[in-house]
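Student: I would like to learn how to read the strands and their surroundings in a model like this one. Could we go through it together?

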Amino acid sequence: MISALFRIVVNILKLIGHLLSASRTRKISAKAEVELLVMRGNSPPEGDFRMNISGAQLTSHWDTATGNTYHGFTTAGLLSYKGLDESLNCCFDHLETQQKQTYKINSKVVTATFINTETTNLKKPIKLTFSHLKKKNEKHMCVFWDPELDGGAWSTLGCSTVSSRADQTVCSCNKLGSFAVLTVLCDTGVPLNKDI
């Protein structure tokens, strides 16, 4: 069900993005917060851009958002789910674990999408900066929701942790989709190490 939800969100963001008249649109509801960017013109947009929503920030390049085909507009969307982090504190079976290692989501779950259809191996990775839900000096790990793993599970494939401190983690990912930050714990509840 979660994989289907994420797929629907991506498709909706792609469909409505180019219908918006404003270059930047932000909406907040009881269940989600979204920011959509639209760039129009005779030639593809250039340079970097940044999107901010509660708990997360995305930094990327307009050529990454556009891809190889330009139809007069480029769109980018970033959506943050409210409360989904608690529901998705599962599905960690495909993560490499050390003995007695457990995980807990410590960020909002977000979905990032561009008009570019080739988003499984981006030439330039996106940067996601997550605010932690609980600010502690524990090890954190960036993860991606992979719908191909047993119908859906968290994976580190294509995402790496650039830096982490008590209040935030910076991720670099070469794909688009849904992301979060995990706190890595021992069964005893003792952190494995301090900040990176």
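Tutor: Gladly, and let us begin with pairing: two strands pair if DSSP finds at least two bridges between them. The elements themselves are DSSP runs numbered from the N terminus, helices (H or I) having at least four residues and strands (E) at least two. Please keep in mind that this is a predicted model, where local features need pLDDT of at least 70 and side-chain atom pairs count only at pLDDT 80 or more, while totals for chains, interfaces and linings use all residues. Residues are numbered from 1 along each chain as its sequence is written, and side-chain values use heavy atoms, with hydrogens and water left out.

Student: How many bridges join strand E2 to E5?

Tutor: There are 9 bridges between E2 (residues 32-40) and E5, and the two run antiparallel. One place to look is valine 34, whose bridge partner in E5 is leucine 79. Leucine 79 also has a bridge partner in E7, threonine 111. E5 and E7 (residues 109-114) are antiparallel too, with 6 bridges joining them.

Student: Is E5 buried or exposed?

Tutor: The general idea is a cut-off on relative accessible area: buried means under 20%, exposed over 50%, and partly exposed in between, using a 1.4 Å probe and protein chains only. In E5 (residues 73-81), 9 of the 9 residues are buried, so the strand is largely enclosed by the rest of the structure. Phe73, Thr75, Gly77, Leu79 and Tyr81 point one way, Thr74, Ala76, Leu78 and Ser80 point the other way, and all are buried.

Student: What does cysteine 142 touch?

Tutor: Contact here means heavy atoms within 4.5 Å. Not counting residues up to four places away in sequence, cysteine 142 touches several residues, including Ser155, Cys159, Cys171 and Ala180. Cysteine 142 lies in strand E9 (residues 139-146) and, at 2% relative accessibility, counts as buried. Its C-alpha is 8.8 Å from that of cysteine 173, which is 31 residues away in sequence.

Student: And where does isoleucine 2 lie?

Tutor: Isoleucine 2 is in helix H1 (residues 2-17). With a relative accessible area of 23%, isoleucine 2 is partly exposed. Leaving aside neighbours within four places in sequence, isoleucine 2 is in contact with Leu84, Leu88 and Trp145.

Student: Stepping back, how many helices and strands does the chain have?

Tutor: The chain has 3 helices and 13 strands. Its radius of gyration is 17 Å, close to the 16 Å that the globule rule gives for 196 residues, so the chain is as compact as a globular protein of that length. That radius is taken over C-alpha atoms, and the rule is 2.2 Å times the number of residues to the power 0.38. Of the 196 residues, 47% count as buried. Among contacts between residues at least 6 apart in sequence, 71% join residues at least 24 apart.
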